Each structure stands twice: as C-alpha cells, then as structure tokens.
Amino acid sequence: MTSPRPQPAALRRRGPLIVAAVVPVVLALAGCAGAAAQVQLPAKTAARPAAVTAPGALTPRQQVVAALTGYTTALGQADKSGSGTVARQLLRPYLAPSRIGGLVDAISTIWARGDSFYGQEVMHVSSVTINGGRAFVHGCDDTSGMGLLNAATGQPVPGSAGIRHDNVVTRLDLVGGHWLVQFQLVEAVPCTP
C-alpha cells in the first residue's frame with residue numbers, strides 16, 4: 001500500500017476516520033437545566049454566516065496543527081465517500097499532490113475487499129517544530145479505538161486495531177501558503193501523551 005505512512009501504521013492509525021465533533025444537542029440541553037425566566041429578547045436580525053478566521057490570524061504553530069487536523073478529517077470523509085474521485089478532491093487541500101494517488105489507491109483496495117474503517121483517534125500533539133517552510137509534528141495519539149471492519153461479518157479485521165500510545169511524527173511543507181502533509185512515520189519507541 002502506498003501512503004504517507006508505512007502500511008501497518010496506515011491501517012492501524014490514520015485510516016480514514018473522522019475526528020469527532022461535539023454534538024450541538026449537548027449545548028442545547030445545558031441551557032435547559034435552570035428554571036424558566038421571563039426575559040426580554042432582542043429583535044431578530046438577519047442570520048449571517050460565522051466569521052472564518054483567516055490563516056494569517058493564526059500563529060504558525062496553530063496553522064500547522066489545523067492543517068494536520070484538517071487532513072485527519074478529510075481522510076475520514078474520503079473513506080466515507082466510497083469514491084476515488086471524491087476522495088482525491090477531499091484530500092487535495094491537505095496532502096501533498098504526489099501522495100494523493102497512492103493513498104486513494106490504498107483506500108480503494110480496502111473498499112474492494114469489503115472493508116471499511118471504524119472508530120476515531122484521539123490526537124495528542126507533543127511538539128511542533130517549524131523550520132522555514134517545513135514543519136514536524138510529534139504526537140502521542142490514542143488509536144486503540146480504531147481499525148478495519150469487515151463489511152460481510154461486521155467484525156474487526158484481526159491485527160488492524162490501533163494502539164493506546166501511537167508515537168507519530170508528521171512532516172508538513174508550506175506550499176503556496178498552505179501546509180500540506182508530506183508523510184507520517186511511526187516511531188517504535190514508547191511515548192506519553
């Protein structure tokens with residue numbers, strides 16, 4: 001399998017999985033905990049889209065971490081799409097162009113076997129080192145709740161589960177003003193989040 005990481009690590013850790021988002025219902029329920037009070041509400045105004053923070057407003061470290069998080073999210077969306085064409089489009093803003101084809105081929109092979117990914121990783125960024133247009137993110141991620149699922153049996157594929165402390169280094173390069181993932185390596189030494 002050609003991907004930004006060696007095959008076992010790619011299957012074990014960075015399988016296309018969506019980074020979980022907080023459910024808006026939790027916030028709504030939190031607001032219902034107190035007794036009702038009579039308050040004067042302001043007049044409604046036209047809805048406006050939320051302001052998007054420009055990449056320049058973030059520190060370089062924040063930009064790098066956001067790019068890595070975006071890559072992880074795009075990878076999950078690519079897997080869920082079930083389409084090589086859609087997967088390429090989703091990965092393009094986050095992954096080096098030379099890596100996209102190999103990763104999509106690997107995902108397509110997994111789809112062809114009738115397998116899919118389950119679970120999600122918990123990212124723990126240990127350090128970010130930036131040297132000009134190159135950045136290295138060192139993480140000690142929990143990938144133990146992830147792996148491959150066989151569609152026919154509904155059971156996890158043996159040997160595909162992640163690990164509790166996955167010691168990973170990701171290299172990103174600044175290309176055209178955007179940080180792109182170049183590769184990821186798993187270090188065979190213990191780490192602590």
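Are C140 and C191 buried or exposed? C140 is buried, and C191 is buried as well. Here buried means under 20% relative accessible area, exposed means over 50%, and partly exposed lies in between, with a 1.4 Å probe and protein chains only. This is a predicted model: local features need pLDDT of at least 70, side-chain atom pairs count only at pLDDT 80 or more, and totals for chains, interfaces and linings use all residues. Residues are numbered from 1 along each chain as its sequence is written, and side-chain values use heavy atoms, with hydrogens and water left out.

**Overall layout**

- The protein chain has 5 helices and 6 strands. Helices (H or I, at least four residues) and strands (E, at least two) are DSSP runs, numbered from the N terminus.
- Read from the N terminus, the order of elements is α-α-α-α-α-β-β-β-β-β-β.
- The protein chain has 193 residues, and buried residues make up 34% of them.
- Take the contacts in the protein chain between residues at least 6 apart in sequence: 65% of these join residues at least 24 apart. Contact means heavy atoms within 4.5 Å.

**The disulfide**

- A search of the whole structure finds 1 disulfide. The criterion is a pair of cysteine sulfur atoms within 2.5 Å.
- The disulfide joins C140 to C191, with an S to S distance of 2.0 Å.
- This pair links distant parts of the chain. C140 sits in strand β3 (residues 134-141), while C191 sits in the segment after β6 (178-186). The two are 51 residues apart.
- The link of C140 and C191 is right-handed, with 80° about the S-S bond.

**The nonpolar core**

- The largest nonpolar core has 20 residues. Such a core is a set of buried Ala, Val, Leu, Ile, Met, Phe, Trp, Tyr and Cys residues joined through side-chain atoms within 4.5 Å.
- V64, Y71, L91, L95, L103 and L172 have the most contacts inside this core.
- The elements giving two or more residues to this core are α3 (60-81), α4 (84-91), α5 (97-112), β3 and β6.
- Helix α3 gives the largest share of this core, 7 residues.

**Helix packing**

- Two packed helices are described by the angle between their axes and the distance between the axes. Axes are lines fitted to C-alpha atoms, for helices over the stretch in contact, and angles run from 0 to 180 degrees between N-to-C directions.
- Angles under 35 degrees count as roughly parallel, over 145 as roughly antiparallel, 65 to 115 as roughly perpendicular and the rest as oblique.
- α3 and α4 pack at about 170°, with their axes 8 Å apart. The pair is therefore roughly antiparallel. Y71, A74, L75, Q77, A78 and S81 of α3 make this contact with V86, A87, L90 and L91 of α4.
- α4 and α5 pack at an angle of about 140°, and their axes are 10 Å apart. These two helices are therefore oblique to each other. On the α4 side, G84, A87, R88 and L91 meet I100, G101, L103, V104, D105 and W111 of α5.
- The axes of α3 and α5 cross at roughly 40° and come within 10 Å. That makes α3 oblique to α5. Y71, L75, A78, D79 and S81 of α3 meet L103, I107 and W111 of α5.
- α4 passes α5 in a right-handed crossing, and α3 passes α5 in a right-handed crossing. A crossing is left-handed if the near helix is turned anticlockwise from the far one by less than a right angle, and right-handed if clockwise.

**Three residues to look at**

- A87 lies in helix α4. A87 counts as buried because its relative accessibility is 0%. Leaving aside neighbours within four places in sequence, A87 is in contact with A78, S81, V104 and W111. A87 and V104 are 17 residues apart in sequence and 6.7 Å apart in space, C-alpha to C-alpha.
- I130 lies in strand β2 (residues 125-131). I130 counts as partly exposed, at 33% relative accessibility. Not counting residues up to four places away in sequence, I130 touches P60, R61, V64, A135 and W179.
- S116 is found in strand β1 (residues 115-118). S116 is partly exposed, with a relative accessible area of 27%. Not counting residues up to four places away in sequence, S116 touches I110, G147, L148 and L149.
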